[in-house]
Amino acid sequence: DGNSNHFLAVNLRGVQSNRMGVGARIEIHGAWGIQVREVRAGESYGVSSSLCSHFGLGQETEVEYLVVRWPSGTVDVVKNPAADQFITIEEGSTCSLGTIEVTYDGPSVLCPGETVTLTAPAGYDYLWNNGAVSQSITLAHPGNLSLIAVDSQGCAGISVPVAIASGNDEP
């Protein structure tokens with residue numbers, strides 16, 4: 001007896017990075033948020049991990065974005081991949097927009113009570129690494145933020161990471 005849950009299984013084929021995609025980070029974005037898998041070659045002596053990354057979707061049938069962050073720095077994005085399939089992503093196979101500039105309207109070092117707003121150019125779908133999906137995000141705490149912006153054709157651009165530091169001894 002099977003169940004009615006859905007899945008997405010991802011295999012990688014490296015070009016610049018290693019052939020099996022070891023070290024890559026795979027993300028799926030959807031109504032539930034973000035699920036992440038890292039491709040590893042081995043966990044301990046004599047143990048090897050499957051190089052196929054399996055994502056359980058439960059009753060969900062829609063994945064908004066599949067994102068692969070390769071060790072080389074290349075990022076591939078697949079918009080709306082179908083559920084219930086095994087998909088292979090080749091490094092650099094999706095269209096790229098290059099670097100997307102993120103601006104911020106305040107200090108890059110936050111003191112208690114201060115905030116900073118990061119803003120991306122208009123006209124994209126936004127995938128911030130903290131899970132936000134809006135054009136602008138306001139931060140009250142330090143962190144390293146980056147963005148993937150996807151245009152209407154599914155082409156993706158990535159931002160240079162923005163480091164927002166703490167102005168005191170706050171962790």
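**A predicted fold, followed from histidine 6**

Histidine 6 belongs to strand β1, which covers residues 6-13; strands (E, at least two residues) and helices (H or I, at least four) are DSSP runs numbered from the N terminus. The structure is a predicted model, in which local features need pLDDT of at least 70 and side-chain atom pairs count only at pLDDT 80 or more, while totals for chains, interfaces and linings use all residues. Residues are numbered from 1 along each chain as its sequence is written, and side-chain values use heavy atoms, with hydrogens and water left out.

The pLDDT, the predictor's confidence in each residue on a scale from 0 to 100, has a mean of 89 for the protein, and 92% of the residues reach 70 or more. Where pLDDT is low, the predicted coordinates should not be read in detail.

The side chain of histidine 6 makes a polar contact of 2.6 Å with the side chain of aspartate 84. A polar contact is a pair of N or O atoms within 3.5 Å; within protein, one must be able to donate a hydrogen and the other to accept it, and residues adjacent in sequence count only if both atoms are side-chain atoms. A polar atom of the histidine 6 side chain also lies 3.5 Å from the backbone oxygen of serine 4. Not counting residues up to four places away in sequence, histidine 6 touches, among others, Phe55, Gly56 and Leu57, where contact means heavy atoms within 4.5 Å.

Phe55, Gly56 and Leu57 are also among the contacts of glutamine 35, again leaving aside neighbours within four places in sequence. Glutamine 35 sits in strand β3 and is buried, with a relative accessible area of 17%. Buried means under 20% relative accessible area, exposed over 50% and partly exposed in between, with a 1.4 Å probe and protein chains only. The glutamine 35 side chain reaches the backbone oxygen of glycine 56 at 3.0 Å.

Strand β3 is part of an open sheet of 4 strands, ordered β3-β2-β7-β8 with antiparallel pairing; two strands pair if DSSP finds at least two bridges between them. β3 (33-38) and β8 (75-79) are the edge strands, each with a single partner, so one side of each has no neighbour in the sheet. From one strand to the next, the twist averages 15 degrees.

Working across the sheet, β2 (residues 25-30) is joined to β3 by 6 bridges, with glycine 30 opposite glycine 33. β2 is joined to β7 by 5 bridges, and isoleucine 26 has valine 68 as its bridge partner in β7. Valine 68 in turn has aspartate 76 as its partner in β8. β7 and β8 form a hairpin with 5 residues between them, and glycine 73 in the turn has a positive phi of about 100 degrees.

Strand β7 (residues 65-69) has 4 of its 5 residues buried. The largest nonpolar core has 17 residues, and Leu66, Val68, Ile26 and Val10 are among those that touch the most other members. Such a core is a set of buried Ala, Val, Leu, Ile, Met, Phe, Trp, Tyr and Cys residues joined through side-chain atoms within 4.5 Å. β1, β2, β6 (53-58), β7 and β9 each supply at least two residues of this core, and β1 gives the most, with 3. A second, separate core of 15 residues includes Leu110, Ile137, Leu145 and Ala149.

Technical notes
Axes fitted to C-alpha atoms, helices over the stretch in contact; angles between N-to-C directions.
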